[in-house]
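Good morning, everyone, and thank you for making the time.

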Amino acid sequence: MQKAMLSKSLIIFTAVLAISFSSNVCRSDEIVEAVQLSPEAQTVQRGLTGKSIAGAAIQSYPFIKTFYETRQFEPVWTNKGKLTKQAKELIEVIEAVGLEGLKSEFYHKNQIDTLRNDKARSSDLDIILTDAFFVLGSNLSSGLINQENFRVQWFKPDPEIDLAWTLNDAIKKNSIRTSLDQLKPKTQRYRVLRDALQHYKILTTQGGWPRVPNLPRMKKKEKMQLGQRQPYVASLRRRLEVTENLPKASPENDDLFDESLQTAVISFQSKNGLNEDGVVGKWTVDAMNVSAGDRVCQIKINLDRLRALRGEMSAPKVIIANIPAFRADVLENGKSAFDMRVIVGRYNDKSPLMSDEMETVVFAPKWHVPVSIAVKEELGKLQKDPQKFRRRGMKVYQGSGKDKIEIDYESHDWSQVDVNNFEYHFVQGSGRGNALGRLKFLFPNKHSVYMHDTPTKPLFNKDIRAFSHGCIRIQKPVEFAEYLLKSTGEWDLARIEKEQNRGKPLHVPLPKKIPVHLIYNTAWADDAGKIQFRRDVYHYDRKLKKLFCN
């Protein structure tokens with residue numbers, strides 16, 4: 001089909017050249033007239049002189065104009081003013097986009113309803129339908145929201161997908177719905193989350209689930225856990241009966257925190273990224289009180305994120321660090337082959353959403369302290385206790401490049417140094433107390449973030465692990481290094497443990513670079529098909545709620 005279109009385009013182009021040579025004053029509209037456009041085509045051509053129709057912006061402009069030019073502006077969806085079978089099928093698809101978490105009004109549903117009853121404006125309807133197809137095709141294949149800056153990208157198709165060819169092929173084969181379906185992610189994770197959207201919609205129409213009151217005051221060291229008997233337990237039962245298949249208790253045991261309730265609590269915690277201890281605390285109650293309607297909204301937003309990540313997630317091997325999950329996975333052919341807890345940036349020092357490639361493992365790294373951290377945190381520590389600063393293995397340099405020299409900071413006058421005149425470089429040497437731990441994993445990027453070990457291991461036991469300055473601290477650095485380097489045949493666990501304790505850094509390149517993606521998914525389907533939810537730690541979902549859910 002593409003070859004046929006190319007041949008047709010060449011014929012038109014040859015005609016245009018012949019005309020232009022015969023008259024040097026020809027304008028482009030006069031050239032198009034030379035190919036003898038049909039009356040319907042002339043009307044379509046006039047409709048494309050502007051960038052809006054019936055109050056709706058043509059989002060795929062100028063792509064759509066080029067598309068119509070290649071077909072001499074002949075209508076796609078109408079024949080003598082009447083809608084074709086393919087047009088009616090596209091309208092049905094648009095009306096059903098709610099199944100994908102999208103809104104039909106994104107794809108000109110209101111304008112279509114108005115124009116389809118006005119035969120005199122069939123060319124406008126044709127253009128609106130074509131724009132709807134292109135925009136929907138772009139959104140299904142690449143997502144609606146740019147995942148790095150959260151801006152709406154109505155039309156930004158995957159460069160590997162030719163939407164013009166897709167539309168022409170769909171018209172030829174009468175396969176509008178099938179052609180658009182093929183643009184969606186084909187992973188089980190997407191299909192399961194899509195099905196979950198309908199499940200939570202039904203729960204919402206049925207009233208959702210009851211709200212759990214705040215935890216009651218309890219004696220010191222007492223917890224809401226197995227063995228407790230008090231009225232509050234009944235509210236936990238009512239909540240978990242809806243989503244965790246908790247069987248109803250007998251009337252005399254409705255207020256008893258028994259083993260069946262403990263199992264239901266653990267099940268709920270496992271789906272919400274909480275410590276699976278069966279103890280009901282503040283974070284567990286907060287998660288229980290997210291409404292069914294809010295879960296519907298959350299799934300809609302995250303379906304779009306999966307569509308935006310469609311290409312990135314399809315690599316045979318890929319490293320994914322999901323910020324709200326506080327977890328990193330290595331996916332091999334879509335399945336988790338390695339996973340670990342991570343610590344991400346604080347709200348005011350957010351870890352960036354980005355993509356790059358893992359290239360290097362650094363053993364016994366030095367920490368070159370970023371200027372912002374040096375000024376805000378380390379300078380005060382130096383001024384307060386220079387000797388303690390030295391015991392941490394810190395060195396201070398002044399100047400830059402070849403002129404950089406190490407200074408004796410214990411005898412240096414720091415009393416007048418502040419953010420306005422700071423011109424120093426702090427470096428922490430390799431060793432036990434290094435802020436980066438014993439291993440660092442580099443994927444060079446404009447944000448200067450990386451993954452690394454950490455001496456603050458107890459923080460991995462927290463439910464909410466947003467404590468860093470933006471880099472990703474990882475729970476299993478030694479095992480991760482072994483996984484990344486195992487194909488070399490030279491790096492076993494014993495050698496890695498030995499080399500991480502060396503006195504100076506050692507950079508070891510990976511045998512093959514691996515894609516790395518720092519993403520922000522607050523709802524997804526895990527490998528077992530269970531729907532996972534996480535807190536909106538950076539409030540990114542909140543920014544998108546109006547677009548997807550109101």
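Let me begin with a question: leaving aside its neighbours within four places in sequence, which residues is Ile531 in contact with? Please keep in mind, as you look for them, that this is a predicted model. The residues that Ile531 touches, once those sequence neighbours are set aside, are Val192, Leu193, Ala196, Lys271, Trp524 and Ala525. Ile531 itself belongs to strand 19, which covers residues 531-533, and because its relative accessible area is 13%, under the 20% limit, Ile531 is classed as buried. For a sense of distance, Gln416 is 115 residues from Ile531 along the chain, and the C-alpha atoms of the two are separated by 56 Å.

Now let us step back to the whole chain. The protein chain has 19 helices and 19 strands, and its C-alpha atoms fill a box of roughly 85 × 80 × 50 Å, taken along the principal axes. There are 550 residues in the protein chain, and 47% of them count as buried. If we consider contacts between residues at least 6 apart in sequence, 67% of those contacts join residues that are at least 24 apart.

Next, a pair of helices. In general, two packed helices are described by the angle between their axes and the distance between the axes. Here, the axes of helix 11, residues 232-243, and helix 12, residues 259-270, come within 11 Å and cross at roughly 55°, which means that helix 11 is oblique to helix 12. The crossing of helix 11 with helix 12 is left-handed. On the side of helix 11 the residues that meet the partner are Val233, Leu236, Arg237, Arg239 and Leu240, and on the side of helix 12 they are Ser260, Leu261, Ala264, Val265 and Phe268. Sorted by class, this contact of helix 11 with helix 12 has seven nonpolar residues, one polar residue and two charged residues.

Helix 19, residues 540-549, lets us ask about the faces of a helix. Its buried residues are Tyr540, Asp541, Leu544 and Phe548, and, seen down the axis of helix 19, they fall within an arc of 75°, so they line one face of the helix. These buried residues of helix 19 pack against helix 14, residues 292-308, whereas the face of helix 19 turned away from its buried side carries the exposed residues Arg542, Lys543 and Lys546.

Finally, some details of the backbone. Most residues other than glycine have a negative phi, and most peptide bonds are trans. With that in mind, please find Tyr61 and Pro62, which are joined by a cis peptide bond with omega of about 10°. Pro62 sits in the loop between strand 2 and helix 4, and it counts as exposed because its relative accessibility is 53%.

Ala54, in the loop between strand 1 and strand 2, has a positive phi near 50°, and with a relative accessible area of 36% Ala54 is partly exposed. Lys80, which is found in the loop between strand 3 and strand 4, has a positive phi of about 55°, and at 67% relative accessibility Lys80 counts as exposed.

How values were computed. Residues are numbered from 1 along each chain as its sequence is written. This is a predicted model: local features need pLDDT of at least 70, side-chain atom pairs count only at pLDDT 80 or more; totals for chains, interfaces and linings use all residues. Side-chain values use heavy atoms; hydrogens and water are left out. Axes are lines fitted to C-alpha atoms, for helices over the stretch in contact, and angles run from 0 to 180 degrees between N-to-C directions. Helices (H or I, at least four residues) and strands (E, at least two) are DSSP runs, numbered from the N terminus. Angles under 35 degrees count as roughly parallel, over 145 as roughly antiparallel, 65 to 115 as roughly perpendicular and the rest as oblique. A crossing is left-handed if the near helix is turned anticlockwise from the far one by less than a right angle, and right-handed if clockwise. Contact means heavy atoms within 4.5 Å. Ala, Val, Leu, Ile, Met, Phe, Trp, Tyr, Cys and Pro count as nonpolar, Asp, Glu, Lys and Arg as charged, and the others, Gly among them, as polar. Buried means under 20% relative accessible area, exposed over 50%, partly exposed in between (1.4 Å probe, protein chains only). The arc is that of the directions from the helix axis to the C-beta atoms.
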